[in-house]
Amino acid sequence: MCGPTLFMAGERWRCFLAPSRSSLFRVLHNSCCRKKSTTPKKITPNVTFCDENAKEPENALDKLFSSEQQASILHVLNTASTKELEAFRFLRGRRSINIVKHRENFGPFQNLESLMNVHLFKYKSTVQVCNSILCPETRGEKRKLPENRFLRKFLKPDIERERLKAVNSIISIVFGTRRIAWAHLDRKLTVLDWQQSDRWSLMKGTSYSSSVYLEEISSIISKMPKADFYVLEKTGLSIQNSSLFPILLHFHIMEAMLYALLNKTFAQDGQHQVLSMNRNAVGKHFELMIGDSRTSGKELVKQFLSDSVLKADPRVFFPSDKIVHYRQMFLSTELQRVEELYDSLLQAVAFYELAVFEP
């Protein structure tokens with residue numbers, strides 16, 4: 001018998017059974033079904049063996065649900081739209097579409113049994129759907145875990161949602177090989193401050209002087225006001241690319257020193273004040289990703305600046321006494337690639353919209 005076949009897919013080893021082995025399983029499975037179907041045993045109506053599509057006795061569903069429950073289920077099935085049906089756990093995808101199409105072609109469902117005339121519905125799945133309609137809160141409870149997993153994908157370390165919801169202001173920090181930029185925004189997405197520093201004496205040749213890093217970063221932090229969180233951009237560079245190792249080392253030194261110095265300067269009650277936010281998660285939020293690469297956010301930031309002047313309710317608000325200064329700062333960088341400046345603002349907006357305002 002052939003053993004399992006291994007191959008590399010997406011940097012993970014996966015195992016697949018060789019065709020001869022899987023074929024054997026099907027033969028055994030079919031043999032099991034034939035034996036059970038031909039054995040002269042008396043079975044109860046509600047028991048099925050290998051055939052999940054075996055029909056139940058007529059009106060079996062009526063015996064599982066009271067008349068009031070049946071009326072509630074039928075009301076949903078006969079009145080809900082496709083989108084409303086998809087809110088129920090077992091009615092996602094094609095099932096909700098098939099229900100609406102069946103309704104349009106054959107009229108409303110007269111009883112629960114008629115639901116089994118819809119494509120993709122058999123007895124077992126129909127019972128699951130009915131229970132899901134009667135107890136929709138079950139799905140809501142199970143969504144809490146994926147929501148936490150969603151946050152953990154782009155935000156480290158784990159922070160209680162209560163603390164995130166109570167945020168009043170953050171400072172978003174993005175650094176590169178030539179400059180560092182930071183944006184200070186409150187929960188109304190008002191830009192309280194927005195700065196960059198490009199007088200770097202870091203990364204000269206292949207030397208990485210700890211004292212120079214400490215001096216430069218301490219000087220920048222001394223200009224930062226107090227905030228609830230300090231959000232650092234987490235780079236997506238791969239350590240497997242040896243040619244990028246000097247840059248990657250620089251980023252790790254910067255992140256470690258910023259984390260240590262910011263926590264030492266602003267820490268409260270031993271709680272995390274410094275977070276790391278995934279760069280690509282911000283890019284996906286603003287639809288700046290092309291494959292695995294992120295494009296420039298310059299035009300989006302330019303639009304934010306214009307909307308703050310032209311719209312009564314802009315997505316990002318720049319105070320009137322600072323808007324001229326910020327526009328001049330932006331225009332002075334347009335001919336250069338000052339992505340750190342743009343990204344610091346975009347990261348702050350994404351943090352609020354993804355981690356704070358999301359229900």
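Which side chain does D343 meet in a salt bridge with R294, and how far apart are N and O? The side chains of D343 and R294 meet each other, at 3.1 Å from N to O. A salt bridge here is a side-chain nitrogen of Lys or Arg within 4 Å of a carboxyl oxygen of Asp or Glu.

The model is predicted: local features need pLDDT of at least 70, side-chain atom pairs count only at pLDDT 80 or more, and totals for chains, interfaces and linings use all residues. Residues are numbered from 1 along each chain as its sequence is written, and side-chain values use heavy atoms, with hydrogens and water left out.

**View 1. D343 pairs with R294.** D343 lies in helix α15 (residues 339–356), and R294 sits in strand β10 (residues 293–294). Helices (H or I, at least four residues) and strands (E, at least two) are DSSP runs, numbered from the N terminus. The pair ties together parts that are 49 residues apart in sequence. Both residues are buried. Buried means under 20% relative accessible area, exposed over 50%, and partly exposed in between (1.4 Å probe, protein chains only).

View 2. Side chains of opposite charge can pair when their charged atoms come close. R279 forms a salt bridge with E233, with the closest N and O atoms 3.0 Å apart. R279 is in helix α12 (residues 279–285) and E233 in strand β7 (residues 229–234), 46 residues apart. R279 also bridges to D343, and here the closest N and O atoms are 2.9 Å apart. R279 is partly exposed, at 22% relative accessible area. E233 is buried at 11%, and D343 is buried at 4%. Shared partners join E233, R279, R294 and D343 into one network. The whole structure holds seven salt bridges.

**View 3. Helix α13 crosses helix α15.** Helix α13 (residues 298–310) packs on α15 at about 65°, with the axes 9 Å apart. Axes are lines fitted to C-alpha atoms, for helices over the stretch in contact, and angles run from 0 to 180 degrees between N-to-C directions. The two helices are therefore roughly perpendicular. Angles under 35 degrees count as roughly parallel, over 145 as roughly antiparallel, 65 to 115 as roughly perpendicular and the rest as oblique. K298, L300, V301 and F304 in α13 meet Y342, L345 and L346 in α15. Contact means heavy atoms within 4.5 Å. By class, this contact has six nonpolar, no polar and one charged residues. Ala, Val, Leu, Ile, Met, Phe, Trp, Tyr, Cys and Pro count as nonpolar, Asp, Glu, Lys and Arg as charged, and the others, Gly among them, as polar.

**View 4. Helix α13 also packs on helix α14.** The angle between α13 and α14 (residues 320–333) is about 155°, and their axes are 11 Å apart. That makes α13 roughly antiparallel to α14. From α13, K298, V301, K302, L305, S306 and V309 take part; from α14, I323, Y326, R327 and F330. By class, the contact has six nonpolar, one polar and three charged residues.

**View 5. S172 in strand β4.** S172 is found in strand β4 (residues 169–175). S172 is buried, with a relative accessible area of 0%. Leaving out residues up to four places away in sequence, S172 touches A181, W182, A183, V231, S344, Q347 and A348.
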